[in-house]
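Reader: I would like a close look at one part of this model, taken step by step. Please keep to what can be computed from the atoms.

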Amino acid sequence: MLIRSMNITSIIQQSVIEAVQELYGAMIASDSVQITATRKDFQGDYTVVTFPFTKLSGKKPEDIGIELGNFLVARVPHITDYNVVKGFLNLVISDRFWIDFLQAIYENEDYGCKPLSGEKAMVEFSSPNTNKPLHLGHIRNILLGWSTYKILEASGFEVTRVQIVNDRGIAICKSMLAWQKFGEGATPESSGIKSDHFVGRFYVLFEKRFKEEYKAWQQTEPAKQILAPWLLDAKNLSKAAKWAEDEKKKLLEKGLPVEEADFTPEAYFFKEVYKNTYFNEYSALGKEAKAMLLRWEAGDPATLELWRQMNSWVYAGFNDTYNKLGVVFDKLYFESDTYLLGKDTVEEGLQHGVFYKKPDGSVWIDLEDAGLDHKVVLRSDGTSVYITQDIGTAQLRYRDFGVKRMIYVVADEQNYHFQVLFEIMKRLKEPYSEGLHHLSYGMVDLPSGKMKSREGTVVDADDLIAEVIQEARNDSSERDTLADLSVAEQNAIMQKIGLAALKFHIIKVHPKKRMTFDPKESVDLQGQTGPYIQNAYVRIRSVIRKAEQLGSLAAAAEYAQTEPAEKELLAQLYAFPEVIETAGKEYDPSHIAAYCYNLAKLFHRFYHDHSILGAANEAARDFRLMLSMATGNVLRKGMDLLGIEMPDRM
RNA sequence: GGCUCCGUAGCUUAAUGGAUAGAGCAUCUGACUACGGAUCAGAAGGUUAGAGGUUCGAGUCCUCUCGGAGUCACCA
């Protein structure tokens, strides 16, 4: 009985340990027993690698394989046969085992998921700035965050979904100022523009006006006086020359004309070297924006009102995008509430010697023995920096929810920041410090190069979503499978297909890898795509609809001999819980994506080669129906873990 | 320059240290009076950036070189 409820691979593992002890008198650890699914070209279901046992037994790997094989067949009920190829012992599992397994799971819609364990986790994702709409980079972030939440939940955690909204600072002040100066009282309603895009336009407008102002200033006498000495330094000139070379190369690669661009040292100076200084010290617009930030910090009512107005527009727009992506949050943390947090902790840590104070009054931490650097946590004027706020926010979250695991979904440009943050939390002896994890993901590039919001080369999230849905619609119009449905029903299906294409295309890539996003490929509906997997599911639904009057499926129990295509499917279904476990342990949804694709592929092949409803006998038909139902459930669950919905028809 | 990450077919990518590196796209060839062809089967395409090393066994671990990215703020 116990054996029945245990995982077959753990049974094999345990049995191998016993075998090694009985045959060779050696104790081995369970992780030295390597068990994998047998490769397709060989006979068998599971493979034990016998190379590691050569030393302790003094025998050849082949002989060990034979001895272990005999032992396992004699001792383990469901192992019926074995064969040995070099150091690989291939074990054959009985059809009975697989058929029993299928009986046990085919109606269980939560197969693969663990019950709640009482442990709590938190996932922070999306976390946008409130000065412009969401773009492709946010989409990767959101998909990873959402999927991580789903996977952790399936792993038994109670998960809280949060974002930290960067709703304050100079960026939003730029949008506010541009609206105040140039907006003429326009609103998203009056202009008919989606409200977050509306705010984003003013951010862009600010940058445009600032550039014009800067350009004009460059012709003035003070500018020339600043430039002249810089031009005399040979080091500067060589830097400028290198910059010019790099820029020219980039243009050539993109096939853009080189002649029109300005690559003089002057251009380099004003573009790359002096821009920030100009903004901070000379710019009239810069001065106004900074003044606005000061008024905001001082709590000036009119400024706060404008700020609330602009942000509420942005939130309405964000929510619309989140809705389209099927994403919700349990709690929002606003930077305007949290940016002063952490200071008390630093003061306290200062007493305990975790931090130290420099003569100028700034407070630091020495992390050199952890392979890191010295890091400032309070400025000399006593105000806090970015990391101070993160210290306080982590503590606040622990107080709010009691979570011992916090996952931050943030791009890899902040790797160092999180290394430092987590090290600080450890030294502060926070009870959850071991459970902090940075889910770091690579930035998204376009075939034409990097996305840069200032250069207008970002892919907008709303545009992209609309585009993939339109592509699904175009493709569907060439078929007539949905003609009897209402327009609303058809639209709902198009949305599921288009989003599946987009989401799967992004989430199938390992998070850590920087990815090149080709819009043309993201709307593909064939091959290794979301719609391919949906299509397998739709086929299953269609068969089940046709089979509904058949009743009990009792004859499946009499099915005796499985076909290879069926066993491959069974073995893949059997692996589902383990895949969820791995994805959860590694915080890596791409495992689930690969799994779903492989399962769909196996099903498509099985479906093509074997008739389900027209099977030779009732036993085979019922068995195959069960197998289809189980596959459908797992596909739906697996895709749900990626945030992808399955249509019943398409 | 220091530190970190990445480099796999033309392109996008997969592979708890294990068998002949697995897919998809694109290219070429087949399979539709069909349980839904958004499918299936096949061909062709690889010195896993390069050189050493550890190991019975290396795409994976170690060292170096080359190429790309990120970071090294009293910015966030």
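How far apart do the C-alpha centres of domain 1 and domain 4 lie, and what is found where the two are in contact?

Author: This is a predicted model. Chain A is divided into domain 1 (2-93), domain 2 (184-297), domain 3 (343-383) and domain 4 (460-640). The C-alpha centres of domain 1 and domain 4 are 34 Å apart. Contact between them involves seven residues of domain 1 and four residues of domain 4. About 410 Å² is buried between domain 1 and domain 4, with carbon and sulfur atoms giving 37% of that area. On the side of domain 1, the residues that lose the most area to domain 4 are K40, D45 and Y46, which together make up 60% of what that side buries.

D45 also takes part in a salt bridge: its partner is K567, and the closest N and O atoms are 3.5 Å apart. For polar contacts, the count between domain 1 and domain 4 is two residue pairs, both at pLDDT 80 or more. By class, the side of domain 1 that touches domain 4 consists of four nonpolar, one polar and two charged residues.

A separate element is an open sheet of three strands, in the order β14-β13-β15 and with mixed pairing. β14 (449-450) and β15 (515-516) are the edge strands; each has a single partner strand, so one side of each lacks a neighbour in the sheet. Strand β13 (residues 444-446) pairs with β14 in the antiparallel sense over two bridges. In β14, K450 is the bridge partner of D445.

Methods. Residues numbered from 1 in each chain as written. Chains lettered and ligands numbered in written order. Predicted model: local features only at pLDDT ≥ 70, side-chain atom pairs only at ≥ 80, totals over all residues. Heavy atoms only, no water. Pairing = 2+ DSSP bridges. Helix = DSSP H or I, 4+ residues; strand = E, 2+ residues; numbered from the N terminus. Domains from an automatic or database assignment. Contact = heavy atoms within 4.5 Å. Buried area = accessible area lost by both parts, 1.4 Å probe. Salt bridge = Lys/Arg side-chain N within 4 Å of Asp/Glu carboxyl O. Polar contact = N/O pair within 3.5 Å; in protein donor to acceptor, adjacent residues only side chain to side chain. Nonpolar A, V, L, I, M, F, W, Y, C, P; charged D, E, K, R; others polar.
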